[in-house]
Amino acid sequence: MGAHMPSLEKVVLEVLEAKQPRNVKELVQLVQEQAGATLEDIEKEVKSLHRKGLVALEEPTRHKGSFGSFLSPRNSRWFWTVIGVSVLSFISILFIPETGTPLSYVRYVFAFVLVAFLPGYCLTETLFPREDALDIIERFTFSIALSFAVTALVGLFLSFSSLSLTLATALPALGILVIVLAIVALIQKYRMW
């Protein structure tokens, strides 16, 4: 290394302090981006820092608590929001008249959310359970695009089935799909927790 290049030890310590990687793999990637060092050199340096007591290497923890504690609104707010909005959508679509009242607009809003956002959001949460996998704009865009695709597939399935495509069949089918996807996403997120 030249005189102007920082030592690998210094780069590793700077990355640990500034970026706070969650695991060794992430640390290696970040150090390689900054220093261009080989995997073997980084491994030797991390072991050296560990021997010096400057770096603590810990076994990864699986879960911070039980599934029941993960279900708390603090940890799974998104899940309870999806379930709540789904239930409110069902209630508004079934019990608020389609036209003639100011409340019909509430029905339209909840129906739009049920059709154009929730299926894709739950599918996105299932496919990308880690919070840092997508930023908020990407997550929102995927949610809308996938919602239209999922809703179209549900409609296609219903139109070719013996049930036929009606509000009475589409609402429960879409609602059940949203809840199933939300549960699958919840399980995926619990595994990553």
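Student: Which residues is Lys-189 in contact with, leaving aside its neighbours within four places in sequence?

Tutor: This is a predicted model: local features need pLDDT of at least 70, side-chain atom pairs count only at pLDDT 80 or more, and totals for chains, interfaces and linings use all residues. Residues are numbered from 1 along each chain as its sequence is written, and side-chain values use heavy atoms, with hydrogens and water left out. Contact means heavy atoms within 4.5 Å. By that rule the partners of Lys-189 are Phe-70, Trp-78, Glu-125, Pro-129 and Glu-131.

Student: Where is Lys-189 found?

Tutor: Helices (H or I, at least four residues) are DSSP runs, numbered from the N terminus. Residues 167-192 form one of them, and Lys-189 is found there. The name is helix α9.

Student: Is Lys-189 buried or exposed?

Tutor: Buried means under 20% relative accessible area, exposed over 50%, and partly exposed in between (1.4 Å probe, protein chains only). Lys-189 has a relative accessible area of 6%, so it is buried.

Student: Which backbone oxygen does the side chain of Lys-189 reach?

Tutor: Look for a polar contact: a pair of N or O atoms within 3.5 Å; within protein, one must be able to donate a hydrogen and the other to accept it, and residues adjacent in sequence count only if both atoms are side-chain atoms. Here the distance is 2.9 Å. The oxygen belongs to Pro-129.

Student: How many residues apart are Glu-125 and Lys-189?

Tutor: Their side chains meet in a salt bridge at 2.7 Å, N to O. This pair links distant parts of the chain, with Glu-125 in helix α7 (residues 118-127) and Lys-189 in helix α9. A salt bridge is a side-chain nitrogen of Lys or Arg within 4 Å of a carboxyl oxygen of Asp or Glu. The two residues are 64 residues apart.

Student: Is Glu-131 buried or exposed?

Tutor: The side chains of Glu-131 and Lys-189 also meet in a salt bridge, at 2.8 Å, N to O. Glu-131 has a relative accessible area of 56%. That value makes Glu-131 exposed.

Student: How many salt bridges does the count come to?

Tutor: Among them is the pair Asp-132 and Arg-130, at 2.7 Å, N to O. The count comes to six.
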